[in-house]
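Morning, everyone. I'll take the ligand site, then the aromatic rings. Here is the model.

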Amino acid sequence: MTQIHSLAVFCGSRVGVDPVYAAAGRTLGAGLARLGVRLVYGGGRIGIMGVVANAVLADGGTVLGVIPRFLTEMEVAHAGATEMVVTESMHVRKTRLYEESDAFLIMPGGLGTFDETFEIITWKQLGLHDKPILIANIDGWAEPLIGLIEHAIARGFADPRSRGFYEVVSSADAVIDRLQTLQPGRGGPAYRM
Ligand code: AMP
């Protein structure tokens, strides 16, 4: 049985140009429902976010959405989530997403996904949490992101040990496999740089 009970998924509010991304979102959602892992996410019904949430719900899984009020007013909130928390700001939303999860997964997305990815990695660097972070490199989507971190390491702006803050997996199936052996953080601060 997985020791990860709630997984925060950061991903796009668009589906991207290739159907491979939505397909990965469906595989992920079905896998989370099968494992009994709760999806914690930004609460949207659009993009890869909506695809993952729909797939979890379709297979009887549990979904917590955390959405800021201004986005509910733009009518992008998912109406079918098991639970929906509405926050007054993006910052409260992000903090709640982090608190509700045992681990984090980055799936394909755009600028908002990059923001969340770097925030959760840098908070680990600062010792604010020690929860596992997976990056799903669906169809090579994450290569420039990982390349940017490698660039910072090569130029002396990041410690090579930064690579240890996250783990790259190659597919949604690989995420589901990895979740079954992944150890949650010890609850204390992460290793400090
Ligand atoms: P995107 O990857 O740009 O499609 O955004 C995916 C998720 O990130 C959505 O839940 C957005 O609400 C969120 N998001 C978008 N822009 C930002 C931002 N500037 N800061 C934090 N989160 C964002």
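Start with Glu-116: an N or O atom of its side chain is 3.3 Å from an oxygen atom of the ligand. That is a polar contact, meaning a pair of N or O atoms within 3.5 Å. Arg-93 puts a polar side-chain atom 2.9 Å from a ligand oxygen. Gly-112 uses a backbone N or O atom, 2.9 Å from an oxygen of the ligand. On its own, the ligand has 480 Å² of accessible area, and the protein covers 72% of it. Those areas come from the Shrake-Rupley method with a 1.4 Å probe.

A word on the source. This is a predicted model, where local features need pLDDT of at least 70, side-chain atom pairs count only at pLDDT 80 or more, and totals for chains, interfaces and linings use all residues. Residues are numbered from 1 along each chain as its sequence is written, and side-chain values use heavy atoms, with hydrogens and water left out.

Now the shell. Around the ligand are 15 residues, with Ser-13 and Thr-113 among the closest. To be near, a residue needs a heavy atom within 4 Å. Which helix gives the largest share of the shell? H5, with five residues. Helices here are DSSP runs (H or I, at least four residues), and strands are too (E, at least two), numbered from the N terminus. H5 spans 111–125, and H4, at 90–99, also supplies at least two shell residues.

Last, the rings. There are five aromatic pairs. Phe-10 and Phe-104 are stacked, 6.0 Å centre to centre with 15 degrees between the planes. Pairing needs centres within 6.5 Å; planes under 30 degrees apart are stacked, over 60 edge-to-face, the rest tilted. Phe-10 is in strand E1 and Phe-104 in strand E5, 94 residues apart.

Note on methods
Polar contact = N/O pair within 3.5 Å; in protein donor to acceptor, adjacent residues only side chain to side chain.
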